[in-house]
Amino acid sequence: MNRTSFPATRRQLLATGLGLAGAAALPAFASGDKYPSRPITLVVPFPPGGSVDVMARQYTEALGRILGVPIVVDNKPGAGGSIGTQFVARAPADGYTLVASSQSSHLANPLVQPKLGYDPIKDFENIAIMGRQPNVLVVHPSVPAKTFAEFVAYLKAHPGQVNFATAGAGSMGQINAEAFLLAVNAKGVHIPYRGGSPYVTAILAGEVQFALDNLVVFLQHIQAGKLRALAVASDTRVAQLPDVPTFKELGFPDLNQPSWTGIAAPAGTPAAIVATLHKAIRKAATEPAMIENLKTRGVIPPEEMSPAAFEKMMSDRLASYGEVVRKANIKPE
């Protein structure tokens, strides 16, 4: 992708020391046209009803009101989020086609699919985080372990006999679970399913014994007593699960990494447009109604994070999760 054919980008401004503060003073287009002047499409690279889709739709009304144009959600699922994400990577860099990014599309897929067709850093302007989702280690009630320590002991007493479910081979759920198994020096058997609903159904039915994935997927089932939560990946304990310790409390700080959902634009999107979108997302994220809605769903409202800091966090996680992928020999389907 030839970046030099576009107006000054955020990366170019950062390189010259101007950053977003300087970008905010620039016109949205070199021609002086107002941005935005028509509806914006927010591509969700997953089916309706999943955690990324739910998060994106949480923001559409607020962003549309703040920006003054409709935000239209377009679900383009397939290949673990890579089809819709690649579509946006190749879209015009004009701020009218965005993608709801996630650890699945921007971390897991690039690490396990060598011919993915996009680079999560080079091919996008990663604008802002919409929310961070605690991950949770859950077990089926049939597992005779009431605490994290008891479950680790159970795993070690039954090597290669305890199954864990994920939404697919090479998914973020597999990377999370394999990172946990490596950390506690235990073995488990990966049972991949085709998507989020099938694997949640499987663990509820007791077909598999545990999973480690987004809390938003499991919270209602934990609260109903259908699953048992043993640990959460969160900065602090989750309000809805006050008796469940964090991985950091349990002595595993490296596992204490919440997931995230963000918004990205194609690389080369003008810096002033990136700044406009960043400001609008942050305004939406800090509205009291949004904060309450996110917390109700078990989502951590996002802290202030510049696009540069967002990409730094992504790069750090690509490195750390890359080690897990290599050590666990994780492969795509």
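Colleague: What makes the charged end of R38 count as sitting over the ring of Y96?

Modeller: In this predicted model, the charged end of R38 is 3.7 Å from the centre of the Y96 ring. The cut-off is CZ of Arg within 6 Å of the ring centre, and within 35 degrees of the ring normal. K76 likewise lies over the face of F87, at 4.5 Å from the ring centre.

Colleague: How many aromatic pairs does the structure hold?

Modeller: The structure holds eleven aromatic pairs. One of them is F180 with F210, whose ring centres are 6.0 Å apart and whose planes meet at 70 degrees.

Colleague: Why is the pair of F180 and F210 called edge-to-face?

Modeller: Centres within 6.5 Å make a pair, and planes over 60 degrees apart make it edge-to-face. At 6.0 Å and 70 degrees, F180 and F210 are therefore an edge-to-face pair. F180 lies in helix 7 and F210 in strand 8, so the pair ties together parts that are 30 residues apart in sequence.

Colleague: What makes Y199 and F218 an edge-to-face pair?

Modeller: Their centres are 6.0 Å apart, with 80 degrees between the planes. Y199 is in helix 8 and F218 in helix 9, so this pair links parts 19 residues apart in sequence.

Colleague: How do you know that Y199 is buried?

Modeller: Buried means under 20% relative accessible area; Y199 has 2%, so Y199 is buried. F218, at 0%, is buried too.

Definitions and conventions. Residues are numbered from 1 along each chain as its sequence is written. This is a predicted model: local features need pLDDT of at least 70, side-chain atom pairs count only at pLDDT 80 or more; totals for chains, interfaces and linings use all residues. Side-chain values use heavy atoms; hydrogens and water are left out. Rings of Phe, Tyr and Trp (its six-membered ring) pair if their centres lie within 6.5 Å; planes under 30 degrees apart count as stacked, over 60 as edge-to-face and the rest as tilted. Helices (H or I, at least four residues) and strands (E, at least two) are DSSP runs, numbered from the N terminus. Buried means under 20% relative accessible area, exposed over 50%, partly exposed in between (1.4 Å probe, protein chains only).
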